[in-house]
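Open the structure in a viewer and keep the selection tool at hand.

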Amino acid sequence: MHPGLTRVRALLACLGEPQRSFRVVLVGGTNGKGSTAASLASILGAHGRQVGLFTSPHLTRFAERFVVGGAPLPTEVVSRALRQVRPHAEAVEASFFEIVTALGCLLFAEAAVQDAVMEVGLGGRLDATNALEPALSIITNVGLDHTEVLGSTVEMIAAEKAGILRPERPAITGAAHEVLPVLAREGADLWSLEGRVQRHSLGWDGEQVMVTLPDEVRLAFRTPLLGAHGAQNAALAAAAAFRLGASPEAISRGAQVTQWPGRMEVLPFAEGRILLDGAHNPDGAYAVVRALRDLGVERLPLVFGAAADKDLMGVAAALRPVASQVILTRARLSPRSADPATLASLFPEHPVTLTDSPEQALEALKNLGAPLALVCGSLYLIGEVRPLLLGHAPEGLERWQ
């Protein structure tokens, strides 16, 4: 990881500036970037636009990062483009994320997309996606994550994320009021949705959302995203789409068909169901627990695995009240994964089962016969559990990000 924009700009120049062929939306924030981006892409597609969606990390297959018209691009298309990018990437010594950002731009240009919704990787100011010039930017929220890179306070992190804003250009945020002055320094035409989102839970079917925009336009729609945070992310996407010219009808159609795998996703398992979520920081874990409480869930078995460099104590503290017992495991393809044995001390008052792989964890869970269980702590873990549940073949490649 090498923050900075010099290399990615050089790489894009070598590729003929593919990012200039489409309208760009940057989606940054601590949590909810992916679901906001996916909702926005779905809405813009319902508005009749050809849309590219760039997200990271992928769950199971690398090509999932590059979605056009609602479907990931074929692996062979991505591989061919990567061969085109490689010599230029090596020449400028680009990092992994700089390469995938430029690759996404090239793929989207070749697919003749009209809009590219680009999820920011880390921070904002020095993230590779910030080499693009956004027509609109979204900052979902600001919390403590990646503090070793972005800073130790919410205000410092907000200043880094504010780097994706542009003077006088439209921007949307759901960030708390205490960081709004930091975001306002960039001079963007910023709409804050704080206090403007109302939601009604539809149970496991999602949320009914009403958002009142700063110009007093009201947008009402349904989203399959679960929980208050799902409603908030869908509202951010709806507001952004409205500012980009989407009609209320397109917003309603697009929002209700949003798909965002691995985030508050319910899948069948044995005689019951599993809830998958990639929550990997305390704010994300608390959001999952609040959603479960809204759904009437008090306690359930937890399958947990996480990267060793995360705030593991904070995540576990959020999850402990909802866990009836804990099965600890690890993503086998991620060298960053914490040893399950080192995680046991995070759950001192719970029955704990140690496993060394997602397969073993699911077998242990099956033996419990629970009607509902939660798997969370890492998107890499979700990326290995999900194909096991669906009967899909995994890609099988080691991954760091």
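Select strand 5, residues 115-119, in this predicted model. The strand is mostly covered, with 5 of its 5 residues buried. Show the side chains: D115, V117 and E119 point one way, while A116 and M118 point the other way, and all are buried. In a regular strand the side chains alternate between the two faces of the sheet.

Strand 1 (residues 23-28) runs parallel to strand 5 and is joined to it by 5 bridges. Within this pair, L26 stands opposite M118 of strand 5. Strand 2 (residues 51-54) also pairs with strand 5 in the parallel sense, over 4 bridges. Here F54 is the residue opposite M118.

Stay in strand 1 and pick R23, which is located there. Is R23 buried, exposed or partly exposed? Its relative accessibility is 23%, so R23 counts as partly exposed. Leaving aside residues up to four places away in sequence, R23 touches R49, Q114, D115, A116, A135 and L244. Two of these names, D115 and A116, were already selected with strand 5. For a distance label, pick the C-alpha atoms of R23 and L132: they are separated by 9.8 Å, although the two residues are 109 residues apart along the chain.

Now move to a helix pair. Two packed helices are described by the angle between their axes and the distance between the axes. Select helix 1 (residues 6-14) and helix 3 (residues 75-92), whose axes come within 9 Å and cross at roughly 145 degrees. The crossing of helix 1 past helix 3 is right-handed. To see the contact, show R7, A10, L11 and C14 on helix 1, and V85, H88, A89 and V92 on helix 3. Coloured by type, these contact residues divide into 6 nonpolar, 1 polar and 1 charged.

What is the order of its strands? This open sheet of 6 strands runs 12-13-17-14-15-16, with mixed pairing. Strand 12 (263-269) and strand 16 (352-354) stand at the edges; each has a single partner strand, so one side of each has no neighbour in the sheet. From one strand to the next, the twist averages 20 degrees.

Zoom in on strand 12 and strand 13 (residues 272-277), which pair in the antiparallel sense over 6 bridges.

Finally, clear the selection and view the whole protein chain. Its secondary structure comes to 14 helices and 17 strands. The radius of gyration is 20 Å, close to the 21 Å given by the globule rule for 401 residues, so the chain is as compact as a globular protein of that length. Along its principal axes, the C-alpha trace spans about 55 × 50 × 40 Å. Colour the chain by accessibility, and buried residues make up 56% of the 401 residues. Among contacts with a separation of 6 or more, 69% are between residues 24 or more positions apart.

Methods. Residues are numbered from 1 along each chain as its sequence is written. This is a predicted model: local features need pLDDT of at least 70, side-chain atom pairs count only at pLDDT 80 or more; totals for chains, interfaces and linings use all residues. Side-chain values use heavy atoms; hydrogens and water are left out. Axes are lines fitted to C-alpha atoms, for helices over the stretch in contact, and angles run from 0 to 180 degrees between N-to-C directions. Helices (H or I, at least four residues) and strands (E, at least two) are DSSP runs, numbered from the N terminus. A crossing is left-handed if the near helix is turned anticlockwise from the far one by less than a right angle, and right-handed if clockwise. Contact means heavy atoms within 4.5 Å. Ala, Val, Leu, Ile, Met, Phe, Trp, Tyr, Cys and Pro count as nonpolar, Asp, Glu, Lys and Arg as charged, and the others, Gly among them, as polar. Two strands pair if DSSP finds at least two bridges between them. The radius of gyration is taken over C-alpha atoms; the globule rule is 2.2 Å times the number of residues to the power 0.38. Buried means under 20% relative accessible area, exposed over 50%, partly exposed in between (1.4 Å probe, protein chains only).
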